[in-house]
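Work through the following exercises with the structure open beside you, and try each task before reading its solution.

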Amino acid sequence: MERQTRIFTNVDYDRDGKQVDYLYLPHSVTRSAYGAIAIPIAVIRNGTGPTAFFMAGNHGDEYEGQVALCNLVREMKPERIRGRIIILPAANLPAVMAGTRVSPIDEGNLNRSFPGDPDGSVTRQIAFYIDSELFTRADLFHDFHSGGGSLAYLPFASTHHGPDPALNERGIAALRAFGAPTSLVWRHGADPRYSPAAAMRRGVVALGGEFGGGGSLSRIGLAMVEAGIERHLRALGILPGTVEAPPTRMLEVPSRHCFVYAPHPGVFEPATDLGDVVADGDLCGRVHFVDDPARPPAEVRFGHGGIVVCQRHPARVERGDCVAHTAVEVR
């Protein structure tokens, strides 16, 4: 017997017009015996056509996508489009309201929870609804991320390399249509619990991206997301007009050696900036031991050369914290 979601909604996904409502996740607690977590959702539809599904707030401390999708909800009029747009601006609502990567209710990381569980924790129930009810309606899925409170990123849009060559090819085409100055293909580290991997298992073209970081909101990243959304909608035929996407620099992350980790707890001093080009073995930074100032700092070196696309934002590190990662240009 197929398992069913316990989340309910007043939204009719097949009704024309603009609906802004909630997904209600039953959540019984002391202060509210029959309460529910109300996750905002918008559906904008006009006649038959493709469906674009845009999501932000997968992690609660990543803001460019959240703001871009709130703007889209307010500004998009049904009569402008042909088809359907599903918008989930605060997917892991408890994390969004707390401004944290993971949910304060269950410590759940939504982007490590797919395909979810209808009877699982709050976060896994959200993942199950997205997987079973929203991915099954979508032709294109784009999940907007940033580095959150712990990482800073060189802004880019991305796609994952999966087992279906035809779907991979469509993903690259969608990435080029989005038109970010930099695009990246994740060839390593594509966890099957990620939202794009789950969408691709459903046969959906799935994109992601890192559009800022450091717990702030990048104006450049926000503008990139908003311009890319419009090009997505034109490429799908949901909005009229042709796509005039600017050229994009294509990068990829080919192996785990692109990631650099702190070998000791301490204070990390970076030796590079975002966008720098480095070689194998170049100095990434030093970990200082301020509680033992006579101790020499520990050098940390890049295992795989390329472009520095990510750096840790807080200086204080623990052993095992990612302090940077690189990507290589695809020629």
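Predicted model: local features only at pLDDT ≥ 70, side-chain atom pairs only at ≥ 80, totals over all residues.

**Exercise 1. The ends and length of a helix**

At the start of H6, which backbone nitrogen does a side-chain oxygen of Ser-218 reach?

*Solution.* Residues are numbered from 1 along each chain as its sequence is written, and side-chain values use heavy atoms, with hydrogens and water left out.

Step 1. The side-chain oxygen of Ser-218 comes to within 3.3 Å of the backbone nitrogen of Ile-220, at the start of H6. Helices, like strands, are DSSP runs numbered from the N terminus, a helix being H or I with at least four residues and a strand E with at least two.

Step 2. Helix H6 covers residues 219-236, which makes 18 residues, and at 1.5 Å a residue it should span 26 Å; the expected span is 1.5 Å times one less than the number of residues. The C-alpha atoms at its ends are 26 Å apart, which agrees with that expectation.

Step 3. After H6 comes Gly-237, whose phi is positive, near 85 degrees.

**Exercise 2. The buried side of H6**

Which residues of H6 are buried, and which elements do they pack against?

*Solution.* Step 1. Buried means under 20% relative accessible area, exposed means over 50%, and partly exposed lies in between (1.4 Å probe, protein chains only). The buried residues of H6 are Gly-221, Leu-222, Met-224, Val-225, Gly-228, Ile-229, Arg-231, His-232 and Leu-233.

Step 1. An α-helix has 3.6 residues a turn, so residues three or four places apart point the same way.

Step 2. The buried residues of H6 pack against several elements, including helix H1 (64-75), helix H4 (165-178) and strand E4 (51-55).

**Exercise 3. Two further helices**

How many residues has H4, and which residues of H1 are buried?

*Solution.* Step 1. H4 has 14 residues, and the distance from its first C-alpha to its last is 20 Å, close to the 20 Å expected. At its start a side-chain oxygen of Asp-164 reaches to within 3.0 Å of the backbone nitrogen of Ala-166, and H4 is followed by Gly-179, which has a positive phi near 75 degrees.

Step 1. H1, with 12 residues, reaches 17 Å, close to the 16 Å expected. Its buried residues are Glu-64, Gly-65, Gln-66, Ala-68, Leu-69, Asn-71, Leu-72 and Val-73, and the elements that these pack against include E4, E5, H2 and H6.

**Exercise 4. The core around Phe-54**

*Solution.* Step 1. A nonpolar core is a set of buried Ala, Val, Leu, Ile, Met, Phe, Trp, Tyr and Cys residues joined through side-chain atoms within 4.5 Å. The largest has 66 residues, and those with the most contacts inside it are Phe-53, Phe-54, Leu-88 and Ile-130.

Step 1. Apart from this core lies another, of 14 residues, with Val-260, Ala-298, Val-308 and Val-323 among them.

Step 2. Contact means heavy atoms within 4.5 Å. Leaving aside neighbours within four places in sequence, Phe-54 is in contact with residues including Leu-69, Leu-72, Ile-229, His-232 and Leu-233; Ile-229, His-232 and Leu-233 are also listed among the buried residues of H6.

Note on methods. Polar contact = N/O pair within 3.5 Å; in protein donor to acceptor, adjacent residues only side chain to side chain.
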